[in-house]
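Q: I would like to learn how to read a protein model step by step. Could we go through one together?

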Amino acid sequence: MTVLSNIKAFSKTRLSWGLLFICTLFFELCALFFQHVMQLAPCVMCIYERVAMFGITGAALIGMINPKNTVMRWIGLGAWGASATKGLTLALEHVDYQFNPSPFKTCDLFVNFPSWAPLNEWAPRYLKLTVTVQKWFGSS
């Protein structure tokens, strides 16, 4: 068997989708730990990146329903790919804000997300419009 056929065979098991679900859930719980226990408030970009991660978690649930069914597996793979792509573009933009600071490019101004889903306005008590990485390294 080739590597690709091994990957295809593994994608037809509930174990593969379960591992994806457990990993994404772990990372979401870590983010909530940083936010609520360590009091590191997330910026707007962090919230949108979490939503993309929830998309991957949802894709894992879709794939876990019936991984041997080709349609369900492809729906899960498509949702996974779309959420991962959106999360990667948001994360790259977020890193650009941190490494190339500018008063015109900040986390709270240039969020490339649908205008019909202003998550930063729906949950304002969870947001702080500064990047919390500065707290971790002690720079101001």
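Q: Of the 140 residues of the protein chain, what percentage count as buried?
A: This is a predicted model, and in it 29% of the 140 residues of the protein chain count as buried. A residue is called buried when its relative accessible area is under 20%.

Q: How many helices and how many strands does the protein chain have?
A: The protein chain has six helices and zero strands, and its pattern, read along the sequence, is therefore written α-α-α-α-α-α. Among contacts between residues at least 6 apart in sequence, 71% join residues at least 24 apart.

Q: How does the reach of helix H2 relate to the span expected at 1.5 Å a residue, and what is its reach?
A: One takes the distance from the first C-alpha of a helix to its last and sets it beside the expected value. Helix H2, residues 14-36, has 23 residues and reaches 32 Å, which is close to the 33 Å expected. H3 has 22 residues and reaches 32 Å, close to the 32 Å expected, while H4, with 30 residues, reaches 43 Å, close to the 44 Å expected.

Q: Is Thr24 buried or exposed?
A: Thr24, which lies in helix H2, is buried because its relative accessibility is 4%, below the cut-off of 20%. Not counting residues up to four places away in sequence, Thr24 touches Met53, Ile56 and Thr57, and a polar contact of 2.9 Å joins the side chains of Thr24 and Thr57. Ile56 and Thr57 are themselves among the buried residues of H3.

Q: Which residue caps the N-terminal end of H4?
A: That residue is Asn69, which has a side-chain oxygen 3.0 Å from the backbone nitrogen of Val71.

Q: Which residues make up the largest nonpolar core?
A: To find a core, one follows buried nonpolar residues that are joined through their side chains. The largest one here has eight residues, namely Cys43, Val44, Met45, Cys46, Tyr48, Leu90, Tyr97 and Cys107. The elements that give two or more residues to this core are H3 and H4, and H3 gives the most, with four residues.

Q: Where are Cys43 and Tyr97 found?
A: Cys43 is found in the loop between H2 and H3 and is buried, with a relative accessible area of 1%. Its C-alpha is 9.9 Å from that of Thr106, although Cys43 and Thr106 are 63 residues apart in sequence. Tyr97 is in helix H4 and counts as buried because its relative accessibility is 7%. The C-alpha atoms of Tyr97 and Cys107, ten residues apart along the chain, are separated by 6.8 Å.

Q: How many disulfides does the count come to?
A: A disulfide is a covalent bond between the sulfur atoms of two cysteines. Here the count comes to zero disulfides, when a pair of cysteine sulfur atoms must lie within 2.5 Å. As for two further cysteines, Cys23 counts as partly exposed at 40% relative accessibility, and Cys30 is partly exposed as well, with a relative accessible area of 26%.

Terms used. Residues are numbered from 1 along each chain as its sequence is written. This is a predicted model: local features need pLDDT of at least 70, side-chain atom pairs count only at pLDDT 80 or more; totals for chains, interfaces and linings use all residues. Side-chain values use heavy atoms; hydrogens and water are left out. The expected span of a helix is 1.5 Å times one less than its number of residues. Buried means under 20% relative accessible area, exposed over 50%, partly exposed in between (1.4 Å probe, protein chains only). A polar contact is a pair of N or O atoms within 3.5 Å; within protein, one must be able to donate a hydrogen and the other to accept it, and residues adjacent in sequence count only if both atoms are side-chain atoms. Contact means heavy atoms within 4.5 Å. A nonpolar core is a set of buried Ala, Val, Leu, Ile, Met, Phe, Trp, Tyr and Cys residues joined through side-chain atoms within 4.5 Å.
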